[in-house]
Amino acid sequence: MDLQGKTALVTGAASGIGRAVALLYGQHGAKVMVSDIDEEQGRQVVAELQATGAEARFYKADVGDPAQCHQLVQETVAAFGTLDVACNNAGITGELSLTADYSLEGWQKIINVNLNSVFFCLKYELEVMLKQGHGSIINMSSILGQVGTPTLAGYVTAKHGVVGLTQTAAQEYAAQGIRINAVGPGYIDTPLLGAFSAETKAGLVALHPIGRLGTSEEVAELVIWLSSEKASFVTGSYYPVDGGYLAR
Ligand code: NAP
């Protein structure tokens with residue numbers, strides 16, 4: 001996918017989808033900055049990348065803190081010289097409550113970790129990419145960036161916000177060689193679904209016409225394509241990878 005020698009940054013890269021994206025970037029020849037709040041697992045992903053011959057570093061950053069996002073981007077450029085591709089992926093499920101019961105603290109937290117974080121990373125990534133005159137950014141939304149679902153008001157709102165932010169920034173920077181897209185996974189079998197009971201998880205399967213949950217690797221394949229020059233005419237788009245969830 002022509003990522004040879006490119007620098008790729010992935011947030012939330014210690015687990016699940018972010019881990020799969022980081023590993024696939026490495027397989028395609030990119031130098032990878034693995035970032036997460038989970039240092040132990042993050043360093044494990046770096047070791048996996050290095051074992052395959054890929055260049056990789058870890059930097060611990062809480063994406064809910066703009067200063068740490070700024071530092072992460074600066075560390076990436078200091079380590080590898082450029083920032084060609086970024087996947088703003090870190091996220092949490094947040095509180096599960098009906099809207100009237102949703103706590104104010106829970107609301108602030110999910111909006112900060114799942115939406116503000118994407119703005120923070122995007123802002124500082126763009127600073128570097130504008131100087132370079134090129135770049136590709138993939139923001140991790142969700143099927144819940146297109147439709148709602150009970151008890152997840154904060155998550156749904158944040159993921160819709162990620163799509164709007166993507167569409168706006170993509171228009172602003174398309175002429176300057178920077179493509180920005182959003183990806184919308186259906187329910188993917190990762191630790192993030194730990195918030196749900198086994199019974200709920202079984203019920204989620206039925207929402208996907210394909211008859212199963214997705215894998216992190218299936219999401220990563222789409223991210224890699226969007227990151228590469230194969231997607232040179234694609235910007236401002238929202239791509240579901242959802243086993244047919246949104247087609248129902
Ligand atoms: P995951 O396996 O839980 O991985 C997320 C990673 O992000 C974890 O390592 C987590 O660390 C880290 N993280 C959490 N808060 C962070 C913060 N403030 N700063 C930096 N890192 C942080 O989740 P996943 O399923 O791969 O999800 C990745 C993305 O895909 C999320 O944006 C999620 O909303 C989105 N998504 C997932 C699904 C799904 O069904 N799994 C569906 C649609 C969209 P800890 O483990 O220590 O919290």
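Me: Which residues of strand β4 lie on one side and which on the other, and are they buried or exposed?
Reply: In a regular strand, side chains alternate between the two faces of the sheet. In this predicted model, strand β4 spans residues 85-88 and is covered on both faces. Val85 and Cys87 point to one side, Ala86 and Asn88 to the other, and all of them are buried.

Me: Which strands pair with β4, and in what sense?
Reply: Strand β1, residues 7-11, pairs with β4 in the parallel sense through three bridges. Within that pairing, Val10 has Cys87 of β4 as its bridge partner. Strand β5, residues 135-140, also runs parallel to β4, and four bridges join the two. There, Val85 stands opposite Ser136 of β5. Between β4 and β5 the chain passes through helix α4, residues 104-132, and this β-α-β crossover is right-handed.

Me: How many residues make up the largest nonpolar core, and which of them touch the most other members?
Reply: In soluble globular proteins, nonpolar side chains tend to be buried together. Here the largest nonpolar core holds 35 residues, and Tyr25, Val34, Leu49, Val183 and Val223 touch the most other members. The elements that each supply two or more residues include the strands β1, β2 (31-36), β3 (56-60), β4 and β5. Helices α1 (16-27), α2 (39-51) and α7 (216-227) do likewise. Helix α1 gives the largest share, seven residues. A second, separate core of 23 residues includes Leu9, Ala86, Leu126 and Ile180.

Me: What does Val34 touch, leaving aside residues up to four places away in sequence?
Reply: With those sequence neighbours left out, Val34 touches Val10, Ala13, Ala22, Gly42, Val45, Val46, Leu49, Arg57, Phe58 and Tyr59.

Me: How many disulfides does the structure hold?
Reply: A disulfide is a covalent bond between the sulfur atoms of two cysteines. The structure holds zero disulfides. For Cys69, the nearest cysteine sulfur is that of Cys121, 3.7 Å away, and Cys69 is in no disulfide. Cys121 is likewise in no disulfide, its nearest cysteine sulfur being that of Cys69.

Me: Are Cys69 and Cys121 buried or exposed?
Reply: Cys69 has a relative accessibility of 0% and therefore counts as buried. Cys121, at 2%, also counts as buried.

Me: Where does Thr11 lie, and what does it touch?
Reply: Thr11 belongs to strand β1. Its relative accessibility is 2%, so Thr11 counts as buried. A polar atom of the Thr11 side chain lies 3.0 Å from the backbone nitrogen of Ala90. Not counting residues up to four places away in sequence, Thr11 touches Ser35, Val63, Leu72, Cys87, Asn88, Asn89, Ala90 and Cys121.

Me: Where is Thr82 found, and which residues does it touch?
Reply: Thr82 sits in the loop between α3 (66-80) and β4. With a relative accessible area of 26%, Thr82 is partly exposed. Its side chain is joined to that of Asp84 by a polar contact of 3.1 Å. Not counting residues up to four places away in sequence, Thr82 touches Thr7, Thr76, Val77 and Gln132. The C-alpha atoms of Thr82 and Ala8 are separated by 8.9 Å, although these residues are 74 residues apart along the chain.

Note on methods: Residues are numbered from 1 along each chain as its sequence is written. This is a predicted model: local features need pLDDT of at least 70, side-chain atom pairs count only at pLDDT 80 or more; totals for chains, interfaces and linings use all residues. Side-chain values use heavy atoms; hydrogens and water are left out. A disulfide is a pair of cysteine sulfur atoms within 2.5 Å. Buried means under 20% relative accessible area, exposed over 50%, partly exposed in between (1.4 Å probe, protein chains only). Two strands pair if DSSP finds at least two bridges between them. A crossover is right-handed if, with the strands pointing away from the viewer, the path from the first strand over the helix to the second runs clockwise. A nonpolar core is a set of buried Ala, Val, Leu, Ile, Met, Phe, Trp, Tyr and Cys residues joined through side-chain atoms within 4.5 Å. Contact means heavy atoms within 4.5 Å. A polar contact is a pair of N or O atoms within 3.5 Å; within protein, one must be able to donate a hydrogen and the other to accept it, and residues adjacent in sequence count only if both atoms are side-chain atoms.
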